[in-house]
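Visitor: I would like to learn how to read the inside of a protein model, and then how to read a residue in a loop. Could you take me through both with an example?

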Amino acid sequence: MPEIKFLSNIADLTGKKFLNIKYNGSISGLIDDMDTKLERKDFKNTITTDDGQVKDFVKILVNGNDIRGTGGLNSPIKDDDEIIIFQTLAGG
């Protein structure tokens, strides 16, 4: 069962630091599934754009690898994967 870790503002949004869920599919489907499970949290709209891409300030790592370099939202998820979702910090 994949373990999903939420860091920084995403943990505040979900009210959880981690979640283990039974899921087999892609990152895109996982986001849809979590949006349903985290009802009224506006999870999907917080981390994706209107056209369904991951927002620039959001990082999604699967086993330490940024999905932007491994297939994007189509990246497959396996049962023993660790997924980390967080908002990057910016400013000056």
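This is a predicted model: local features need pLDDT of at least 70, side-chain atom pairs count only at pLDDT 80 or more; totals for chains, interfaces and linings use all residues.

Visitor: Which residues touch the most other members of the largest nonpolar core?

Guide: A nonpolar core is a set of buried nonpolar residues joined through side-chain atoms within 4.5 Å. Here the largest one has 23 residues, and those that touch the most other members are F6, M34, F43, I60 and I85. Two or more residues come from each of β1, α1, α2, α3, β4 and β7, and the largest share, 4 residues, is given by α2.

Visitor: Is F6 buried or exposed?

Guide: Buried means under 20% relative accessible area. F6 has 2% relative accessibility and so counts as buried, and F43, at 0%, is buried as well.

Visitor: How are the rings of F6 and F43 arranged?

Guide: Planes over 60 degrees apart count as edge-to-face. A search of the whole structure finds 1 aromatic pair, and in it the rings of F6 and F43 have centres 6.1 Å apart and planes at 85°, so the pair is edge-to-face. Because F6 lies in strand β1 and F43 in helix α3, the pair ties together parts that are 37 residues apart in sequence.

Visitor: Where does R68 lie, and what does its side chain reach?

Guide: R68 lies in the loop between β5 and β6, and with 41% relative accessibility it counts as partly exposed. The side chain of R68 reaches the backbone oxygen of K55 at 2.7 Å, while the residues that R68 touches include V54, D56 and V58.

Technical notes. Residues are numbered from 1 along each chain as its sequence is written. Side-chain values use heavy atoms; hydrogens and water are left out. Buried means under 20% relative accessible area, exposed over 50%, partly exposed in between (1.4 Å probe, protein chains only). Rings of Phe, Tyr and Trp (its six-membered ring) pair if their centres lie within 6.5 Å; planes under 30 degrees apart count as stacked, over 60 as edge-to-face and the rest as tilted. Contact means heavy atoms within 4.5 Å. A polar contact is a pair of N or O atoms within 3.5 Å; within protein, one must be able to donate a hydrogen and the other to accept it, and residues adjacent in sequence count only if both atoms are side-chain atoms. Lists of a residue's contacts leave out its neighbours within four places in sequence.
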